[in-house]
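Hi,

Here is the structure I promised to pass on. Have a look at it first, then read my notes below.

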Amino acid sequence: MLHACNFPIFAAKLILLTKKYMNRIILNETSYFGAGCRSVIAVEAARRGFKKAFFVTDKDLIKFGVAAEITKVLESANIPYELYSDVKANPTIANVQNGVAAFKESGADFIIALGGGSSIDTAKGIGIVVNNPEFADIKSLEGVADTKNKAVPTFALPTTAGTAAEVTINYVIIDEDAKKKMVCVDPNDIPSVAIVDPELMYSMPKGLTAATGMDALTHAIESYITPGAWAMSDMFEIKAIEMIAQNLKAAVDNGKDTVAREAMSQAQYIAGMGFSNVGLGIVHSMAHPLGAFYDTPHGVANALLLPYVMEYNAESPAAPKYKDIAKAMGVNVDGMTCEEGVKAAVEAVKALSISINIPQKLNEIGVKEEDIPALAVAAFNDVCTGGNPRPTSIEDIEKIYRKAF
Ligand SMILES: NC(=O)c1ccc[n+]([C@@H]2O[C@H](COP(=O)([O-])OP(=O)(O)OC[C@H]3O[C@@H](n4cnc5c(N)ncnc54)[C@H](O)[C@@H]3O)[C@@H](O)[C@H]2O)c1
Ligand SMILES: [Fe+2]
């Protein structure tokens with residue numbers, strides 16, 4: 001068989017033939033970046049005539065004093081708010097449904113979502129169901145739901161540098177009965193205002209900084225090699241990879257490194273601008289069941305699986321793009337063949353992952369070998385599988401899980 005590296009022109013033609021010749025880009029309305037920018041909540045709320053906030057966050061963010069940074073702004077601007085913190089990491093259908101009921105009782109007219117992907121995704125689900133009550137079961141929102149109305153206007157403030165949920169059209173909710181992470185894709189859920197304030201990320205512990213940063217790197221790499229990638233998404237993803245490669249380790253080593261924290265806060269958002277519009281691949285498909293079965297943190301699951309899936313996807317029309325990834329990761333790729341570029345990209349990702357103490361094997365994080373067949377079926381059926389550059393199968397996914405085990 002011809003190696004994937006040997007037919008880039010064929011690959012480009014294949015991509016053109018297999019996708020509709022149209023690109024779409026959806027981004028949130030207004031975004032702010034920079035240390036202290038959370039103060040704009042008051043200005044934006046006044047400008048939009050909002051009277052009362054429904055403030056969605058989680059209990060750890062209250063404990064670590066991050067939520068207080070937002071309530072201070074609301075109190076000094078005399079904006080009343082109702083706090084909702086029934087959000088667990090890897091949020092559930094009940095987290096959204098209880099939030100819908102609490103929103104309706106609150107008399108609020110906008111949502112403030114503060115947190116990692118879990119709080120922001122819960123807020124997105126609440127905002128969608130309040131304005132589209134026919135989806136109150138939540139399960140019917142999985143995949144691309146036909147909602148008619150925009151979500152309740154939402155200001156989203158990320159506290160992790162990972163998911164980019166503040167700029168994406170996705171949210172991810174666990175259906176506990178079906179042991180399934182449901183990826184919901186809906187342009188109506190996009191927050192109106194994204195407020196990316198790196199000061200809200202300073203309290204992240206090392207492990208969370210590392211895992212969420214690797215989630216952002218996974219977004220960038222998966223959507224750089226997905227068949228739907230195009231000039232604009234490539235521009236976002238290469239920049240994001242460069243910024244993550246230059247700053248993630250520094251942010252992990254010293255959480256008070258303001259330059260690294262700021263760069264990571266922006267890099268994850270930039271990666272989100274791309275992946276939200278072109279999709280991901282089977283790193284995410286394989287990470288989601290780990291969240292549903294074992295509550296594995298999303299970033300840890302992605303970080304661990306990323307190099308294994310990159311090796312698998314090197315046998316695809318995307319292989320020539322690996323050299324760009326290696327270059328963005330800081331490798332000197334001058335004179336490298338395509339095969340050498342593939343190897344260099346995988347090694348650079350592994351080296352970064354090891355340098356920030358990401359576990360390297362699934363058996364280290366509580367995955368049970370006997371669950372692998374069921375995990376593979378769930379991963380194959382995940383919404384992200386369609387974006388993988390190499391057509392895959394349950395058997396192939398099972399092999400990758402076993403290799404990573
Ligand atoms: N919407 C999207 O586009 C998208 C993309 C990728 C992932 N996700 C989803 O997002 C979720 C994961 O989000 P996440 O990785 O950001 O983590 P998270 O929101 O699950 O948070 C993990 C833990 O870290 C704590 N935490 C967050 N910020 C902190 C801070 N600054 N200081 C101290 N503790 C802090 C939280 O309180 C929580 O206990 C998963 O459910 C995943 O599937 C969504
Ligand atoms: Fe992710």
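Before anything else, a word on "domain": the domain bounds used here come from an automatic or database domain assignment. Please also keep in mind that this is a predicted model.

For this chain, the assignment gives domain 1 (34-200) and domain 2 (206-404). Their C-alpha centres lie 26 Å apart.

So how do the two domains meet? On the domain 1 side, 27 residues are in contact with 25 residues of domain 2. The size of an interface is often given as the accessible area lost when the parts come together. Here, domain 1 and domain 2 bury about 2,000 Å² between them, with 62% of it on carbon and sulfur atoms. In domain 1, the residues that lose the most area to domain 2 are A161, K179 and K181, which together make up 25% of what that side buries.

The elements that give two or more residues to the side of domain 1 touching domain 2 are β7, β8 and β9 (193-196). Of these, β8 gives the most, with four residues. The interface of domain 1 and domain 2 also has one salt bridge. Elsewhere in my notes I have the side chains of D295 and K88 meeting in a salt bridge, at 3.2 Å from N to O.

Next, strand β4. Is it buried or exposed? Six of the six residues of β4 (residues 110-115) are buried, so the strand is largely enclosed by the rest of the structure. In a regular strand the side chains alternate between the two faces of the sheet. You can follow that along β4: F110, I112 and L114 are buried on one side, and I111, A113 and G115 are buried on the other.

β4 also has neighbours to pair with. Strand β2 (residues 53-56) pairs with β4 in the parallel sense over four bridges, and F54 has I111 as its bridge partner. Strand β6 (residues 154-158) pairs with β4, again in the parallel sense, over five bridges; there, I112 stands opposite F155.

N78 has a positive phi of about 55° although it is not a glycine. You'll find N78 in the loop between α4 (66-76) and β3 (81-84), and it is exposed, with a relative accessible area of 68%. K179 is not a glycine either, yet has a positive phi of about 50°. K179 sits in the loop between β7 (170-175) and β8 (180-185) and is partly exposed, at 45% relative accessible area.

Terms used. Residues are numbered from 1 along each chain as its sequence is written. Chains are lettered from A and ligands numbered from 1 in the order in which they are written. This is a predicted model: local features need pLDDT of at least 70, side-chain atom pairs count only at pLDDT 80 or more; totals for chains, interfaces and linings use all residues. Side-chain values use heavy atoms; hydrogens and water are left out. Buried means under 20% relative accessible area, exposed over 50%, partly exposed in between (1.4 Å probe, protein chains only). Two strands pair if DSSP finds at least two bridges between them. Contact means heavy atoms within 4.5 Å. Buried area is the accessible area (1.4 Å probe) that two parts lose on being put together, summed over both. A salt bridge is a side-chain nitrogen of Lys or Arg within 4 Å of a carboxyl oxygen of Asp or Glu.
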